[in-house]
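I opened the notebook on this model to look up how its chains meet. My entries follow the structure.

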Protein chains: 2
Amino acid sequence: MVATPRRTDIVIPLFDHFEPLDAIGPYEILAYVPGATVRFVTAEPGLVQDVLGSLPVHVPTGYAEVEQCDVLLIPGGGSFKAMVDDADFLGWVRRTHAGTRFTTSVCTGSLVLGAAGLLDGLTATTHWDAAADLESYGAVYTPERVVRQGRVITSAGVSSGIDMAVRLAALLTDDVTAQAIQLYTEYDPQPPFDTGSVAKAPPEVLERARALSPPTSPSPRRSPAPPRSPG
Amino acid sequence: MVATPRRTDIVIPLFDHFEPLDAIGPYEILAYVPGATVRFVTAEPGLVQDVLGSLPVHVPTGYAEVEQCDVLLIPGGGSFKAMVDDADFLGWVRRTHAGTRFTTSVCTGSLVLGAAGLLDGLTATTHWDAAADLESYGAVYTPERVVRQGRVITSAGVSSGIDMAVRLAALLTDDVTAQAIQLYTEYDPQPPFDTGSVAKAPPEVLERARALSPPTSPSPRRSPAPPRSPG
């Protein structure tokens with residue numbers, strides 16, 4: 001039998017130019033945690049546009065309305081640029097982090113945790129193309145997929161948030177529940193190629209990947225920002 | 001060098017109670033196909049609510065406005081029930097399919113292809129908990145993750161759409177481009193458990209998974225429908 005679930009409040013900030021899978025991969029997993037509520041929040045409630053250009057999401061809640069949560073999850077994408085430049089938002093991230101059970105990020109979301117001062121001296125990960133930027137915030141980059149340092153968990157690029165979320169589901173509940181969510185979402189990955197990391201990808205694939213960019217260009221480069229905007 | 005990309009029009013119908021990752025996993029991959037445009041369409045343009053309850057998506061285009069596309073991708077979730085009961089929509093699926101390069105589905109989206117009469121006699125897949133329903137439409141269910149039969153491609157539950165989309169990206173372009181998208185999205189999956197398929201999950205995990213349900217209950221069971229609404 002499943003014990004009566006503890007209520008778990010999970011908050012995911014979405015700003016314009018967010019990378020869809022960064023946010024929706026973990027949302028899909030974490031929404032099935034018994035007792036969990038996932039809330040998207042933003043700066044100005046209303047429609048938030050993704051970086052791929054076709055997924056305007058209605059976000060009814062401003063982040064300033066949220067005073068505490070159990071899990072804070074910062075997705076990446078072009079949105080990280082506005083986030084790291086927004087002192088009010090970074091202050092909110094710091095205050096919220098003080099009361100979370102877990103503070104987490106996907107992809108360039110870790111740069112936001114870094115800009116908020118939460119990764120200083122910690123080992124962390126991010127999208128493979130944003131490693132130097134992560135280290136500019138005092139973190140020690142490691143090319144692992146999911147890195148846990150106490151209650152701070154960072155994950156690598158875009159799709160890594162799914163792996164992070166399954167681990168997080170286990171931390172919030174138990175292994176069997178997390179495994180059941182993995183089965184329900186049939187997360188038995190069988191990618192057709194084995195080129196999903198820089199270590200595995202041939203040079204021509206890396207070159208082609210560096211030439212990709214989101215269909216919707218995020219705002220122009222501002223410091224600190226990587227040359228492009230990996231998810 | 002990358003050749004000048006062919007324009008590729010990809011259409012994904014979203015109805016209320018769609019399963020987020022069914023749609024957004026493939027969207028994340030396919031939007032990076034050079035020359036591709038991904039459009040979400042729906043029955044009545046406006047906000048479409050997902051089955052997990054926190055992701056209202058603004059969909060500005062009615063499916064009836066679309067007369068043809070290169071790729072049709074039907075996601076699953078509780079939304080399949082309304083889709084299989086909507087004769088107008090099924091007629092549109094059939095007409096659109098006549099002109100596609102690829103007609104595809106994720107999860108219970110294959111039941112919609114079945115209801116439209118497109119899977120009769122074909123081998124196909126779906127969410128593990130919807131196999132009998134798929135066969136009720138004359139398809140031969142196989143517990144594979146991605147099944148291609150000519151220009152019809154079905155994929156298994158929820159997360160399988162990512163694997164399908166990477167394969168589809170290769171079919172639409174070339175292997176190196178698909179591999180580059182896989183690298184850009186850092187799709188190097190490392191799930192913490194190996195319980196993502198019925199064949200691998202212990203009985204207690206299967207039992208726990210069968211007890212899960214989406215936070216937002218879809219409409220009551222209507223025939224033909226599985227006992228619950230696997231994504």
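**Domain record**

I looked up UniProt first: an unreviewed entry lists "domain: DJ-1/PfpI" for residues 10-169 of chain A. Positions are in the numbering used here, the feature name is shortened, and such annotations may be inferred rather than shown by experiment. I then checked that span: 31% of residues 10-169 of chain A is helix and 23% is strand, and the end C-alpha atoms lie 11 Å apart. Helices (H or I, at least four residues) and strands (E, at least two) are DSSP runs, numbered from the N terminus.

I note the ground rules here. This is a predicted model, where local features need pLDDT of at least 70, side-chain atom pairs count only at pLDDT 80 or more, and totals for chains, interfaces and linings use all residues. Residues are numbered from 1 along each chain as its sequence is written, chains are lettered from A and ligands numbered from 1 in the order written, and side-chain values use heavy atoms, with hydrogens and water left out.

**Symmetry**

I laid chain B on chain A: a turn of 180 degrees and a shift of 0.0 Å along the axis give an RMSD of 0.0 Å (least squares on the C-alpha atoms of residues with pLDDT of at least 70 in both copies). The two copies are thus related as by a two-fold rotation axis. Val57(B) is the residue of chain B that comes closest to the axis, its C-alpha at 2.3 Å.

**Interface**

I counted 75 residues from chain B and 75 residues from chain A in the contact (heavy atoms within 4.5 Å). About 6600 Å² is buried between the chains, 64% of it on carbon and sulfur atoms (accessible area, 1.4 Å probe, lost on putting the two parts together, summed over both). Leu183(B), Tyr184(B) and Glu186(B) lose the most area on the chain B side, together 13% of what that side buries.

**Salt bridges**

How many salt bridges are there between chain B and chain A? I find four (a side-chain nitrogen of Lys or Arg within 4 Å of a carboxyl oxygen of Asp or Glu). Over all chains the count is twelve. I looked at two pairs. Arg208(A) bridges to Asp174(B), with the closest N and O atoms 3.6 Å apart. Lys200(B) meets Asp188(A) at 2.6 Å, N to O. Lys200(B) sits in the loop between H7 and H8 of chain B and Asp188(A) in the loop between helix H7 (175-184) and helix H8 (203-211) of chain A, so this pair joins two chains.
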